[in-house]
Amino acid sequence: MSDMRNEANYIVEQVDKHHDWFGDSLPMIASENLISPLAREMLVSDFHDRYAEGLPGERYYNGNIYVDKVEIKAIELAKKLFGCKHADVRPISGTVANLGLLKALGKHGDNITHCALSDGAHISTAKFGAVGLRGLVSHTYPFDTHEMNIDVDGARRTILEVKPKIALFGLSVFLFPAPVKELKDALDEVGCYVWYDGAHVLGLIAGGKFQDPLREGVEVITGSTHKTFPGPQHGILVGNPRDEKMERSLNAGIFPGVTSNHHLHAMAALGISLAEHIEFGAEYADQVIRNAQALGQALHERGIKVLCEHKGFTASHIIAIDVEEHGGGAPCSQLLEDANIIANMNMLPRDTKPKSPSGIRLGSQELTRIGMKESHMAEVAELIKRVVADKESTSKVKEDVIKLKADFKNIHYCFHDGHPAYERFHLV
Ligand SMILES: Cc1ncc(COP(=O)(O)O)c(C=O)c1O
């Protein structure tokens with residue numbers, strides 16, 4: 001065998017080992033999820049090998065007869081799911097959707113209001129991320145760290161004083177609904193574009209839970225389609241642009257603004273995930289939130305500090321735990337990984353050092369997707385506590401993680417109609 005064939009085999013073997021490892025693990029990273037077997041099939045279809053630029057019927061390439069039909073269907077499903085008049089299924093990630101929106105609606109020197117990174121915002125909305133790249137001037141909302149949410153009175157003052165061109169809501173540590181309707185009076189007075197970065201909570205919103213931004217005063221939602229929305233690694237932009245000019249700008253912001261080819265295989269997978277979410281999304285989203293709250297309660301009962309006990313820990317898929325007394329986020333998340341519990345360290349509001357934070361962020365969405373319910377969250381909490389607080393041998397806990405996971409090998413909340421894709425991509 002040639003040297004390069006050996007190198008290629010090496011890569012395949014590592015991916016194979018990764019599959020085995022994740023099959024035996026509890027994946028709890030809040031930004032990840034399992035795509036359905038049918039949608040996964042689309043990712044290896046010939047769509048992957050093709051190019052399309054622009055919108056259906058207005059392409060710059062030939063060969064798009066079926067690509068156009070898929071894109072038209074995906075747009076139709078997205079509009080139905082989010083109850084809106086505009087949908088763009090071309091952004092290739094949440095960050096790209098954000099960039100496209102900023103390209104469309106903002107220009108150098110415009111003011112933008114948003115949450116601070118230290119309060120859980122994402123880097124794409126920070127000065128050194130997409131917002132900075134576009135040259136917008138950042139103004140952050142005051143944040144109530146006890147409530148883990150925007151301080152409404154302070155934010156109203158900021159909006160009225162700064163008069164932003166764009167007001168952004170949305171977080172990566174998104175525990176409670178953003179106070180959009182509470183701030184609607186100020187947003188209306190200023191007349192700014194109201195943008196919601198729903199990357200994390202998209203699947204919950206689409207399932208009719210968490211909050212309903214488009215009915216609360218938001219004009220455009222951007223999002224990742226692979227976090228709580230259980231679809232492909234891709235992005236989306238949905239909303240109700242105020243006029244045709246805004247709609248045209250949004251379209252141009254995505255293409256030619258920040259994309260060329262829009263990853264047609266992922267777009268096809270997204271179409272399937274949208275259809276599945278219309279059918280199963282409400283039940284899934286409800287269970288995701290119940291599970292997160294049950295996990296928070298179970299950890300709290302085991303002496304682990306969970307943020308926002310006074311508010312039921314969370315209204316989303318995320319809970320944040322404070323593990324400073326157990327050594328901090330970095331060593332604790334490493335111990336969890338050694339025990340096959342995959343989670344990430346996270347800064348808590350008082351932290352200043354991203355590499356040595358006091359917290360860990362845990363998401364319930366993927367465990368929900370494999371069929372776990374509230375009672376299983378108590379078992380998961382016990383395993384976490386044994387690692388983090390009791391410092392029990394990680395290899396012993398790992399054995400118990402593998403035993404628990406053995407009962408959860410199927411993906412739920414998606415079609416199981418005997419399509420051959422299901423047999424071939426049964427990868428949990
Ligand atoms: C609030 C928020 N916006 C945007 C993104 C970026 O999404 P993507 O990874 O799809 O680019 C993230 C990712 O975690 C996020 O949390």
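The model is predicted, and the values below are computed from it. Around the ligand there are 14 residues, of which G94, T95, S172, D197 and S224 come nearest. Helices α3 and α11 pack at an angle of about 35°, and the peptide bond from F255 to P256 is cis.

**Ligand surroundings**

- The side chain of T95 places an N or O atom 2.7 Å from an oxygen atom of the ligand, and the side chain of S224 has an N or O atom 2.8 Å from an oxygen atom of the ligand.
- For D197, the ligand atom concerned is a nitrogen, which is 2.6 Å from an N or O atom in the side chain of that residue.
- S124, in the loop between β3 (111-114) and α5 (130-133), touches T95 and D197, and its other contacts beyond four places in sequence are N98, G129, A130 and V131.
- S124 counts as buried because its relative accessibility is 3%, which is under 20%, and its side chain is joined to that of H122 by a polar contact of 2.9 Å.

**Packing of α3 and α11**

- Helix α3 (residues 65-82) and helix α11 (residues 264-301) have their axes 9 Å apart, at an angle of about 35°, and their crossing is left-handed.
- On the α3 side the contact is made by V67, V70, E71, A74, L77, A78, K80, L81 and F82, while α11 contributes L264, M267, A268, G271, L274, A275, H277 and I278.
- The residues of this contact divide into 13 nonpolar, 2 polar and 2 charged.

- L43 lies in helix α2 (residues 37-43) and counts as partly exposed, because its relative accessibility of 25% falls between 20% and 50%.
- Leaving aside residues up to four places away in sequence, L43 touches I35, H48, P232, H265, A266 and A269.
- The C-alpha atoms of L43 and L99 are separated by 24 Å, the two residues being 56 residues apart along the chain.
- The cis peptide bond that leads from F255 to P256 has omega near 10°, and P256 belongs to helix α10 (residues 244-258).
- H263, in the loop between α10 and α11, has a phi near 55°, a positive value in a residue other than glycine, and with a relative accessibility of 34% it counts as partly exposed.

**Two buried loop residues**

- M148 is found in the loop between β5 (143-144) and β6 (149-150), where its phi is near 50°, a positive value in a residue other than glycine.
- With a relative accessibility of 6%, M148 counts as buried, because the value is under 20%.
- N340 is placed in the loop between α12 (329-338) and β13 (341-342), and a relative accessibility of 2% makes N340 count as buried.
- The side chains of N340 and W21 are joined by a polar contact of 2.9 Å.
- Not counting residues up to four places away in sequence, N340 touches W21, D24, S25 and L26, together with K398, V401 and I402.

Technical notes:
Residues are numbered from 1 along each chain as its sequence is written. This is a predicted model: local features need pLDDT of at least 70, side-chain atom pairs count only at pLDDT 80 or more; totals for chains, interfaces and linings use all residues. Side-chain values use heavy atoms; hydrogens and water are left out. Helices (H or I, at least four residues) and strands (E, at least two) are DSSP runs, numbered from the N terminus. Buried means under 20% relative accessible area, exposed over 50%, partly exposed in between (1.4 Å probe, protein chains only). A polar contact is a pair of N or O atoms within 3.5 Å; within protein, one must be able to donate a hydrogen and the other to accept it, and residues adjacent in sequence count only if both atoms are side-chain atoms. Contact means heavy atoms within 4.5 Å. Axes are lines fitted to C-alpha atoms, for helices over the stretch in contact, and angles run from 0 to 180 degrees between N-to-C directions. A crossing is left-handed if the near helix is turned anticlockwise from the far one by less than a right angle, and right-handed if clockwise. Ala, Val, Leu, Ile, Met, Phe, Trp, Tyr, Cys and Pro count as nonpolar, Asp, Glu, Lys and Arg as charged, and the others, Gly among them, as polar. A residue is near a molecule or strand if one of its heavy atoms lies within 4 Å of it.
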